[in-house]
Amino acid sequence: MIDMLSYFCIGGGIIFWFWGTLPLLGKRSVLFKLHSLSVSDTLGSMAIVFGLLLKLPSEWQLLILAIISLAIWNTMLGYVLAYCASSQEDL
Amino acid sequence: MSGYLNIILRLTIWLLLTSDLSLENIAIGIVISLILPHTHQSIGTLRDWLQAIGKIVMAIPTAYIEAIEMIFRPHQAEDIVIERVPPNRSSGLIFLDIFVITFTPKTIVFKYHQDGGYEVHRVKRRKNS
Amino acid sequence: MNSSLNLILMLMIVAMLIPIYAAWQANDVWQKMLALASVSSKASMIILVVSVLRDDWMIGVVATIVLSVGNAGFMILAHLLKRMDHS
């Protein structure tokens, strides 16, 4: 049961990865690509780490730390990239 | 009051990083979290902080719901709105506000104005709806 | 368990090839930054899966460090690029 759930989380995370990364190849604005990247890199990766956590709960400290740093750093990186890229376009 | 929250956050990260719950390690963690520099500005009331933490907990399922919605119904249009917040919030609370807005995949904050407003970039399903 | 994790690992590597290609192809510097930031977080996730696969937690520590340090480096680089554009 838990095994199924963990594979479900990892598989869902990989689907998020592919869905969010493919728009990078298109010709959209930086901000639009950032929206889809925040789906794939933050939410998809969090789902994958959560799946790994269900699989191997013995080393939960490191995986929880990975989830926290994923959430905080990727979100802040999204904000910083959006801020820098948009203020450059205004000039 | 929220100085305690700051110390608890540092101690949690220390314990997760070292993954060792012995008495000595907890003591070292407490000493380090007290030694690290902290600010003495106004840091908001405990109620503001509890509300912000509640918003973060709610943001995680919202983010996944929005992600699934974006996958099954493509959002092609984009626009910019300005979101108002009460002025004179402390920098920590502003950080948490920006974090919550940017964490959900449909919205990204890209500029903060001093007089209390965030410029938010959104994706939508179609134009002018 | 190992064979399915191997499959997952292959899919993740295929997913990582997309932003590498995008970074090589992009002309605008911000599109390049976006693609490289995506490569950095995907690479650290792959390291984390490898560490679970091989049951070696020193590799996992490396992955967590790459996760935070890599993103911090990208933030500094973004600010640097912005300042160079202004001057």
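Let's start with a helix on a sheet. Helix α2 of chain A lies across β1, β2 and β3 of chain B, and runs at about 75° to β3(B). Keep in mind that this is a predicted model.

Now the sheet itself. It is open, with 3 strands in the order β1-β3-β2 of chain B, and the pairing is antiparallel. Two strands sit at the edges: β1, residues 77–84, and β2, residues 107–113, each pairing on one side only. On average, neighbouring strands are turned by 25° against each other, direction ignored.

Take one pair. β1(B) and strand β3, residues 117–124 of chain B, are antiparallel and joined by 8 bridges. One to look at: Ile82(B) has Glu119(B) in β3(B) as its bridge partner.

Chain B also puts a helix of its own on these strands. That is α4, residues 91–103, lying across β1, β2 and β3 of chain B at about 150° to β2(B).

Back to α2(A). What does it meet in chain C? From α2(A), the residues include Leu34(A), Leu37(A), Ile48(A) and Leu52(A). From α2(C), they include Trp30(C), Leu34(C), Met45(C) and Val52(C).

Last, the layout of chain B. Domain 1 covers 1–38 and domain 2 covers 45–129. Their centres, taken over C-alpha atoms, are 30 Å apart.

Terms used. Residues numbered from 1 in each chain as written. Chains lettered and ligands numbered in written order. Predicted model: local features only at pLDDT ≥ 70, side-chain atom pairs only at ≥ 80, totals over all residues. Heavy atoms only, no water. Domains from an automatic or database assignment. Contact = heavy atoms within 4.5 Å. Helix = DSSP H or I, 4+ residues; strand = E, 2+ residues; numbered from the N terminus. Pairing = 2+ DSSP bridges. Axes fitted to C-alpha atoms, helices over the stretch in contact; angles between N-to-C directions.
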